[in-house]
Amino acid sequence: MKTFLSLLLCMSLSAQAEIIDFTRIRQKKVRKLMAENALVLKEDFKRLETTCFQDDGSYSKNTKSFLIKASPDAVWAAYKGSKPRQCWIGKLVSFGCLYDSPNTPMVYDDNEYSGMKVGQILFIQLRLFGGIYKLAVAHKVVAVNEESRSLQICYLKRGASEGSQFIRLIPTPEGYTEVLHETYYKSSSAFRDKRIYPGIHEKVISAYHENVASTLRTDFLVSR
């Protein structure tokens, strides 16, 4: 009987550990997006589907490059290892939480992070038009290629946009690193895709890449 009760207690504690702690997610829009997707337990993340880029001619494209004055190996390590709260912070963006895997704890603003890997789902909040409008966004890491030093991130269904972001590191003759960020996207609004999204997107990703570069304590330059 004692063994049975102990087993029930362990199962109960295990179930409790899987519950998402919304008190540790300070962004209202992030909590709302997670509620809309019925994300209460960690296992709920398994249901989420992506809307990755398909080469069918229906997507808009945004390309931007950045120069980081550090070696490709050092920069690659920074992109994989920098904590989300270090990367997604600034006037326009803040880090909400991150789903890592079924066997690891949720990553909140104040706890540890083991590094970027396939399957992770990131929730951030954008602060737009001087804070008048706030928007929660969720991305899923679908590829981390060590050989080519490249990443692919896809938007999730039920989000404002569909598509993918590709980040690739390119060595320069000086021994530095060019970071090429290509985004393929579309939404239900052609006006949004042409007039609103590109400017906001460029500001957000510029802040992200500058934050990653800052962990290396090196020069960061923006190019087209």
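A search of the whole structure, which is a predicted model, finds 1 disulfide, a disulfide being a pair of cysteine sulfur atoms within 2.5 Å. The disulfide joins Cys52 to Cys154, with an S to S distance of 2.0 Å. Cys52 lies in the loop between helix H2 (28-36) and strand S1 (60-68) and Cys154 in strand S5, so the pair ties together parts that are 102 residues apart in sequence. Helices (H or I, at least four residues) and strands (E, at least two) are DSSP runs, numbered from the N terminus.

Residues are numbered from 1 along each chain as its sequence is written, and side-chain values use heavy atoms, with hydrogens and water left out. In this predicted model, local features need pLDDT of at least 70 and side-chain atom pairs count only at pLDDT 80 or more, while totals for chains, interfaces and linings use all residues.

**Cysteines**

- The torsion about the S-S bond of Cys52 and Cys154 is about 115°, so the disulfide is right-handed.
- A disulfide is a covalent bond between the sulfur atoms of two cysteines.
- Cys52 and Cys154 are both buried, where buried means under 20% relative accessible area, exposed over 50%, and partly exposed in between (1.4 Å probe, protein chains only).
- The sulfur of Cys87 has its closest cysteine sulfur in Cys97, 15 Å away, which is too far for a bond.
- Cys97 is in no disulfide.
- Cys87 is buried at a relative accessible area of 3%, and Cys97 is buried at 0%.

**The sheet**

- An open sheet of 8 strands has the order S2-S3-S4-S5-S6-S7-S1-S8, with antiparallel pairing; two strands pair if DSSP finds at least two bridges between them.
- Its edge strands are S2 (93-99) and S8 (220-223), each of which pairs on one side only.
- Neighbouring strands of this sheet are turned by 25° against each other on average, direction ignored. For such angles, axes are lines fitted to C-alpha atoms, for helices over the stretch in contact, and the angles run from 0 to 180 degrees between N-to-C directions.
- In a regular strand the side chains alternate between the two faces of the sheet.

- Strand S5 (residues 150-155) runs antiparallel to S6 and is joined to it by 5 bridges.
- Ser150 has Arg168 in S6 as its bridge partner.
- The hairpin of S5 and S6 has 6 residues between the strands, and Arg158 in the turn has a positive phi of about 75°.
- Gly159 also lies in the loop between S5 and S6, and is partly exposed at 46% relative accessibility.
- Gly159 and Thr51 are 108 residues apart along the chain, and their C-alpha atoms are separated by 9.2 Å.
- S6 is joined to strand S7 (residues 177-186) by 10 bridges, and these two strands also run antiparallel.
- The hairpin of S6 and S7 has 5 residues between the strands, and Gly175 in the turn has a positive phi of about 90°.

**Glu162**

- Glu162 is in strand S6 (residues 162-171), and is partly exposed with a relative accessible area of 36%.
- Leaving aside neighbours within four places in sequence, Glu162 is in contact with Thr51, Tyr59, Tyr155, Tyr184, Tyr185 and Lys186, where contact means heavy atoms within 4.5 Å.
- Glu162 and Tyr108 are 54 residues apart in sequence, and their C-alpha atoms are 25 Å apart.

**Helices on the sheet**

- Helix H3 (residues 72-81) lies across S1, strand S4 (133-145), S5, S6 and S7, and runs at about 150° to S6.
- Helix H5 lies across S1, strand S3 (121-128), S5, S6, S7 and S8, and runs at about 25° to S1.
- The 25 residues of H5 (residues 190-214) should span 36 Å at 1.5 Å a residue, and the end C-alpha atoms are 35 Å apart, which agrees. The expected span is 1.5 Å times one less than the number of residues.
- H5 has a kink of about 50° at Tyr197, shortly before the proline Pro198; the bend at a residue is the angle between axes fitted to the seven residues ending there and the seven starting there.
- His209 is found in H5 and is buried at 0% relative accessibility.
- Not counting residues up to four places away in sequence, His209 touches Phe66, Tyr79, Ile167, Val179, His181 and Phe220.
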